[in-house]
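These are my notebook entries on a structure that I had not examined before. I set down what I looked up, entry by entry.

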Amino acid sequence: MQRVDSYMRSRHASRAWVITTSDFTPDGRDEARITNVIIMNGQDLLQSLELYYPGRFCL
């Protein structure tokens, strides 16, 4: 998260996302909150994909 935050700042980006197919540790979630990095875990990713591609991904 710190590296993503650093890249975001050095490139003057307004947002940064980190997406994983598994999950984030409590420390990772906390760091994302502190640095305003948007995170998405595997379950959230599948739910989002299901909205746009119904029935194509297993939930």
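**Entry 1: Asp30 and its partner.** I looked up Asp30 and found it partly exposed, at 34% relative accessibility. The side chain of Asp30 meets that of Arg33 in a salt bridge, at 2.5 Å from N to O. By salt bridge I mean a side-chain nitrogen of Lys or Arg within 4 Å of a carboxyl oxygen of Asp or Glu. Arg33 and Asp30 are three residues apart in helix H2 (residues 26-35), so about one helical turn separates them. Arg33 counts as exposed, at 57%. I name helices (H or I, at least four residues) and strands (E, at least two) as DSSP runs, numbered from the N terminus.

**Entry 2: basis of the model.** I note that the model is predicted, that local features need pLDDT of at least 70 and side-chain atom pairs count only at pLDDT 80 or more, while totals for chains, interfaces and linings use all residues. Residues are numbered from 1 along each chain as its sequence is written, and side-chain values use heavy atoms, with hydrogens and water left out.

**Entry 3: the other salt bridges.** How many salt bridges does the structure hold? I count three. Asp5 pairs with Arg9, their closest N and O atoms being 3.0 Å apart. Asp5 and Arg9 lie four residues apart in helix H1 (residues 2-10), and therefore about one helical turn separates them. Is Asp5 buried or exposed? Asp5 is buried, at 10% relative accessibility, whereas Arg9 is exposed, at 57%. I also looked up what Asp5 touches: leaving aside residues up to four places away in sequence, Asp5 is in contact with Thr35 and Val37. Contact here means heavy atoms within 4.5 Å.
Asp23 and Arg29 join their side chains in a salt bridge of 2.6 Å, N to O. Asp23 is partly exposed, at 46%, and Arg29 is partly exposed too, at 37%.

**Entry 4: positive phi.** I recorded the general rule that most residues other than glycine have a negative phi. His12 has a positive phi, near 55°. This residue, His12, lies in the loop between H1 and strand E1 (17-19) and is exposed, at 73%. Asn36 is not a glycine either, and its phi is positive at about 60°. Asn36 lies in the loop between H2 and strand E2 (38-40) and is exposed, at 59%.

**Entry 5: a nonpolar patch.** I found a nonpolar surface patch of about 490 Å², made by Leu51, Tyr52, Tyr53 and Phe57. Patches consist of residues with over 30% relative accessible area and no salt bridge; like charges are joined within 9 Å, and nonpolar side chains (Val, Leu, Ile, Met, Phe, Trp, Tyr) within 5 Å. Accessible areas come from the Shrake-Rupley method with a 1.4 Å probe, and for residues only the protein chains shown count as cover. Tyr53 sits in the segment after H3 and is partly exposed, at 40%.

**Entry 6: confidence.** I checked pLDDT, the predictor's confidence in each residue, from 0 to 100. The protein chain averages 91, and 98% of the residues score at least 70. Confidence is lowest in helix H3 (residues 42-52), at a mean of 89, and highest in E2, at 96.

Technical notes:
Buried means under 20% relative accessible area, exposed over 50%, partly exposed in between (1.4 Å probe, protein chains only).
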